[in-house]
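Colleague: I would like to learn how to read a model like this one, feature by feature. Please give me the general idea each time, and then the case at hand.

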Amino acid sequence: MTTAPHSAHRPEPLWQPGPDRIAGAQVTRFHTWAAAHHGAPAPTPGDPAASYADLHRWSVDDLPAFWRAVAAWFDVRFATPYETVLADRAMPGARWFPGATLNYAAHALRAAEDPARADEPALLYVDETHEPTPVTWRRLRAQVGSLAAELRRLGVRPGDRVSGYLPNVPEAVVALLATAAVGGVWTSCAPDFGARSVLDRFQQIEPVVLFTVDGYRYGGKEHDRRDTVTELRAELPTLRAVVHIPLLGTLAPEGALNWSDLTGNDTEPVYEQVPFDHPLWVLYSSGTTGLPKAIVQSQGGILLEHLKQTGLHCDLGPDDRFFWYTSTGWMMWNFLVAGLLVGSTIVLYDGSPGHPDIAAQWRVAEATRATVFGTSAAYVMACRKAGIHPARDLDLSAVTCVATTGSPLPPDGFRWLHDSFAESGADLWTASVSGGTDVCSCFAGAVPTLPVHIGELQAPCLGTDLQAWDPQGKPVIDEVGELVVTNPMPSMPTRFWNDPDGTRYHDSYFEMYPGVWRHGDWITVTSRGSVIIHGRSDSTLNRQGVRMGSADIYEAVERLPEIRESLVIGLELPDGGYWMPLFVHLAPGSTLDDALRDRIKRTIREQLSPRHVPDDIIEAPGVPHTLTGKRIEVPVKRLLQGTPLDKAVNPGSVDNLELLHFYEQVARDRAQ
Ligand SMILES: CC(=O)CC(=O)O
């Protein structure tokens, strides 16, 4: 195991919340209240770090008390009460809130019941051409009510699957909430997914309704998807209805219903009261081989977990505008919708992150007066590389927090965000967060009362017993270990859809440490209580027995202006040797000559260690990603090991399949 590059001493934080922010944070008020009413330890006056550590300890030691307190604090409306909080804490198989019935959509639309808020925006919709368009709480509720009634009329019953092939537009939010209102099971793919990728997902769950656009606009161009929709309709025989949303202004194809006909009635929503563990949606995590995992999460589990995340961790409330750059094909879209649960306005941006230029996302934040802006770490690093000054050149005075995910935010990203806001006098909270589709949430990340240290997530989230374990299952501190969660979270999958005996679910998380969730990331939990993510452990680099995360190498190498992106692979060779090539995708105009090779090696040697220096540096035409933008390491490793392409990777899970032929060729050349 490598030791984390951070020791137990107390380094200067990059950022420290001021006393007003700490006092005003919802988690502070929750803590005081939970101590008075639910047995939480009293906060330590003047010591937010000790207070949070105590609250966190209590939240994982007494899960029933913590989750009971969360349900009460956020006034969860149980139509029938629960018998107990946690009837069985086995993983997998935990049983949460048996006896309870509720409805997720009813909670998402609560703010609409407040006459003072009904005409405020629930959604702010932005695309590449238009100014923000508001959808008020009143209108959102009416559309959901109308569509839910139409879904029932179409025969949609609790448990039926309803699918969306939709960009990040208000219609997608309406369709999700209407589906949840009738107890249906929502699922979505973004329209940049090709037919095969969508079918790999939707065919598994056999939807009865498909909401679809005719196309979308991205990067200044119109992308017509009508042929793909025709293919989807032909290949999804379980569909009873197709609903056409004319984003490009075309007429509904034969046999499809018009969106406007289904959403025009001002109907009071009727919420099906479903059991706590009733499925809310199916998300997909691209399996590296085979079909994507179809992950089922429950209405009650997501409701509680997302109330906790948005309210206590992101500190969102009715005065906030919550923007996360995402598509409907990534769980961060579902997370964004959770802003509605705490009465925040959510910002939906349907467009390219880089059109007409790299500042596009910042301009959306400016135009919508976003208070919390979430994006990918990769976008932050691209902005840094481009040398832009968003806080200086735009009015981002409403933004109090920039959050990142997708991959670990490198230290330079923390500094750049902080400094570029500080130069315009702003006090920015930079929150790097990490979790996954598998729980549709974060294991560690934002805590509004704690300092931010460069390169670190502030702390494990409440109710999440996050630990780093060594291969023997012993917790380690200040050392790299496997990310494990030793107790159940309500948003963990209730099952995988296509997995009748639960084998695939079990094997995905519980094989290495029986009964304990092993996520597949390398992390360090520091003795100061913060968390460092080092990258995926299933693509671990292991040099002479020393394990290293690939993220550390990317961070160092991609600081060099000549490197656009990189991919490092560790390969166990049949002769017992080890080969660690680094593939580099060069910036335009750069050449991989000996001087650059030397600089890459020197950078890695000096910033990481001599052990991290790759055996070979190879120029590549690009780095392949999953459809949600994560570098594909394991399939490339398989290709380099000689596995044929069709067995090494599920083609529907890759953004640019062509690139894999390059890596296949490298494998062939080496075999000669
Ligand atoms: C919260 C996350 O972990 C999101 C992601 O990276 O997929």
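Colleague: In which helix is the place of Val-557?

Modeller: This is a predicted model. Val-557 has its place in helix H18.

Colleague: Is Val-557 buried or exposed?

Modeller: The general idea is a cut-off: buried means under 20% relative accessible area. Val-557 has a relative accessible area of 0%, so Val-557 is buried.

Colleague: Which residues does Val-557 touch, leaving out those up to four places away in sequence?

Modeller: Val-557 touches Ile-563, Ser-566, Leu-582, Ile-600 and Ile-604. Two of these names return in helix H19, where the buried residues are Leu-596, Ile-600, Thr-603 and Ile-604.

Colleague: What covers the buried residues of H19?

Modeller: The cover includes helix H18 (550-557), along with strands S31 (563-568), S34 (581-586) and S35 (616-619).

Colleague: Which residues are buried in another helix, H13?

Modeller: In H13 (residues 360-368) the buried residues are Ala-360, Gln-361, Trp-362, Val-364, Ala-365 and Thr-368. After H13 comes Arg-369, with a positive phi near 55°.

Colleague: Where is Thr-526 found, and is Thr-526 buried or exposed?

Modeller: Thr-526 lies in the loop between strand S27 (517-525) and strand S28 (531-536). Its relative accessibility is 3%, and therefore Thr-526 counts as buried. Leaving out residues up to four places away in sequence, Thr-526 touches Glu-456, Ile-477, Asp-478 and Ile-532.

Colleague: What is Ile-302 in contact with, leaving aside its neighbours within four places in sequence?

Modeller: Ile-302 sits in helix H11 (residues 299-313) and counts as buried at 0% relative accessibility. Its contacts are Tyr-104, Leu-280, Trp-281, Gln-297, Leu-307, Val-439, Cys-440 and Ser-491.

Colleague: Which residues does the UniProt domain annotation cover?

Modeller: An annotation comes from a record and is read beside the model. The unreviewed UniProt entry places "domain: Acetyl-coenzyme A synthetase N-terminal" at residues 52-108. Over that stretch the chain is 46% helix and 12% strand, with end C-alpha atoms 28 Å apart.

Colleague: How many helices and strands are there in the protein?

Modeller: The protein has 22 helices and 35 strands. Of its 672 residues, 60% are buried. Among contacts between residues at least 6 apart in sequence, 70% join residues at least 24 apart.

Colleague: What radius of gyration would a compact globule with 672 residues have, and what does the protein have?

Modeller: The globule would have a radius of gyration near 26 Å, and the protein has 24 Å, which agrees. Along its principal axes the C-alpha trace spans about 70 × 65 × 55 Å.

Technical notes: Residues numbered from 1 in each chain as written. Predicted model: local features only at pLDDT ≥ 70, side-chain atom pairs only at ≥ 80, totals over all residues. Heavy atoms only, no water. Buried < 20%, exposed > 50% of the residue type's maximum accessible area, 1.4 Å probe, protein only. Helix = DSSP H or I, 4+ residues; strand = E, 2+ residues; numbered from the N terminus. Contact = heavy atoms within 4.5 Å. Rg over C-alpha atoms; globule rule 2.2 N^0.38 Å. UniProt positions renumbered as here; feature names shortened; annotations may be inferred.
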